[in-house]
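The structure comes first, and the points follow by topic.

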Amino acid sequence: MQREIQASNKVVSMEYGDSYIRKRMEEDGGLGSRSVHHHGLKQIKVRRETDDESGEKDHQEPLSPMARMFHEPESDVYIIVSVGFKSPIDPDIFKTNLCRILLKHPRFSSVQVADEKNGGELKWVQTEVDIDKHVIVPMVDQQDTASSDKFVEDYVANITKTKISMSIPMWDCHILNLKTSDAESILVARAHHSLGDGTSFMSLFLSCSRKVSDPDALPSFPAATKKPRSSAGLFWRFMPDFLLIWNTLVDIWMCVATSYFLNDTQTPIKAPPTVAFTSRRIVRRTFSLDDIKLVKNATNTTVNDVALAITQAGLSRYLNRKYGKIKKRNEAAATKEISENNLPKNILLRATLFFNLRSSPGIYAIAEMVKKKCKAEWGNKIGYVLFPFTIALKDNPLDYIRDVKAKADRKKASLEANFKLFMATVFFRFYRTKVRTINESRASVLTFKTCLILD
């Protein structure tokens, strides 16, 4: 899953999943270990017997189908964001600001309980929040920069092996006052995906920040713009609509084919069917956001396009080395750098790419997103597509960007993401099918995270 956050001039890409602080987290945060089979903590079952002054029962909002799906074993997903700061974090000030801003949002001050009168349906119920259970400040010794970077990676990797208890709101923050190669301190924030998607959390993050020029003012939110429709002839005016319908039909057929017989090529990085239950290791790489913007502006693309092109180029070079070593496994030259093209032809490798499906795309102030019937509402308003990577060695690096842009524009001119969201909602509501894993079991599932380094 691709996430993008534009800070000042650093972007760090992350993947998932190793061990170190589990005991500490169980003591401080009431966290349960995530077993190999994802047997999580039992859901709390409560019976609401108290009535309010008007004689009506307390209103409990049920979880949306997408939010409930994120509690399924194969789709039990947490969002983890790592933020670097140029100065140490004061835990007391941090907790005070959380109580003043974050806890006003109902999702961060509610527990998810099972309504036993309604077949165990999960509902949001307001509760008192013990901030000390959600803000964890481990005691760490200052180390050299290389060791500090390794410590942070191990710490975050271990978080991916644990769950947050459903007896408390499903989020927490970890303050690491440890100097690394990128920052003076690190904040690791984690929230269960049922609370919201990346757009929701980005809006929340920006709403918790202030302008440097005016410490009391919220940051400016970019306004979404729409391209004007062409004033050409009738045929060309409706051509995009025809392409939208055609592309959608083709993508639906590919979705059905993937569900039944279309497999990705067996490569060294193809995930096994049990990938959802295996631990994963964090990989961190730092890129200059200014460099990415420079390439973006020069090629008339987006930051997403450049990030995907970097990923596609990196995977191509990695697989070329892997296949080269397989070919020369029994030769002494297996360890030397392999420059020739060792890639098999026509490799089919796809990644899961998520789309924001709100009727009004973009980043909005949190005050707007929590309003009912808002076009940029809070929650999980996302769908996904299977994005095909072209695994090949190219002489011109810009060819990777051109290739990714063409495929991204093609996916945007389709309702594949909307279709999969609709099918996931329908199947989960009526059949409780783990829809999200149908296509992913046959595809090379690659997910991508991004974290911030604030200068």
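How many aromatic pairs does the structure hold? This is a predicted model, and the structure holds 8 aromatic pairs. Two of these pairs are described below, followed by the other topics.

**Aromatic pairs**

- Phenylalanine 151 and tyrosine 155 make a tilted aromatic pair, with 6.1 Å from centre to centre and 40° between the planes.
- Helix H4 (residues 145-159) holds both phenylalanine 151 and tyrosine 155, which are 4 residues apart, or about one turn of the helix.
- Phenylalanine 151 is buried, as is tyrosine 155.
- Phenylalanine 201 and tryptophan 378 pair edge-to-face, at 5.6 Å centre to centre and with 70° between the planes.
- That pair connects distant parts of the chain, 177 residues apart: phenylalanine 201 belongs to helix H5 (residues 198-207), while tryptophan 378 is in the loop between helix H9 (366-369) and strand S14 (382-389).
- Phenylalanine 201 and tryptophan 378 are both buried.
- One aromatic cluster is formed by Phe108, Trp171, Phe201 and Trp378.

**Charges over rings**

- Arginine 190 has its charged end over the ring of tyrosine 78, at 5.5 Å from the ring's centre.
- Tyrosine 400 has lysine 394 over its face, 5.9 Å from the ring centre.

**Cysteines**

- A disulfide is a covalent bond between the sulfur atoms of two cysteines.
- The structure holds 0 disulfides.
- Cysteine 173 has a relative accessible area of 7%, so it counts as buried, the cut-off being under 20%.
- Cysteine 255 is also buried, because its relative accessible area of 12% falls under 20%.

**Largest cavity**

- Rolling a probe the size of a water molecule over the atoms shows where empty space is left.
- The largest cavity contains about 70 Å³ of space.
- It is lined by 11 residues, and those closest to the centre of the cavity are Met66, Met69, Ile382, Tyr384 and Ala424.
- Helix H2 (65-69), S14 and helix H11 (416-430) are the elements that contribute two or more residues to the lining of the largest cavity.
- Sorted by class, the lining of the largest cavity comprises 8 nonpolar, 1 polar and 2 charged residues.

**Positive phi values**

- Most residues other than glycine have a negative phi.
- Asparagine 300 has a positive phi, near 55°, and is not a glycine.
- The loop between helix H7 (289-299) and helix H8 (303-327) contains asparagine 300.
- Asparagine 300 is at 63% relative accessibility and therefore counts as exposed, for which the cut-off is over 50%.
- Asparagine 346, likewise not a glycine, has a positive phi of about 60°.
- The place of asparagine 346 is the loop between H8 and strand S13 (349-356).
- Asparagine 346 counts as exposed because its relative accessibility is 76%.

**Aspartate 92**

- Which helix holds aspartate 92? Aspartate 92 is in helix H3 (residues 91-100).
- With a relative accessible area of 56%, aspartate 92 is over the 50% cut-off and so is exposed.
- From C-alpha to C-alpha, aspartate 92 and valine 135 are 9.9 Å apart in space, and in sequence they are 43 residues apart.

Key:
Residues are numbered from 1 along each chain as its sequence is written. This is a predicted model: local features need pLDDT of at least 70, side-chain atom pairs count only at pLDDT 80 or more; totals for chains, interfaces and linings use all residues. Side-chain values use heavy atoms; hydrogens and water are left out. A disulfide is a pair of cysteine sulfur atoms within 2.5 Å. Buried means under 20% relative accessible area, exposed over 50%, partly exposed in between (1.4 Å probe, protein chains only). Rings of Phe, Tyr and Trp (its six-membered ring) pair if their centres lie within 6.5 Å; planes under 30 degrees apart count as stacked, over 60 as edge-to-face and the rest as tilted. A charge sits over a ring if NZ of Lys or CZ of Arg is within 6 Å of the ring centre and within 35 degrees of the ring normal. On a 1 Å grid over the protein atoms alone, a cavity is a set of points where a 1.4 Å probe fits but cannot get out, and a pocket is an open set with protein on both sides within 12 Å along at least five of seven lines; lining residues have an atom within 4 Å of a point. Grid points are joined across faces, edges and corners, and a volume is the space filled by probe spheres set on the points. Ala, Val, Leu, Ile, Met, Phe, Trp, Tyr, Cys and Pro count as nonpolar, Asp, Glu, Lys and Arg as charged, and the others, Gly among them, as polar.
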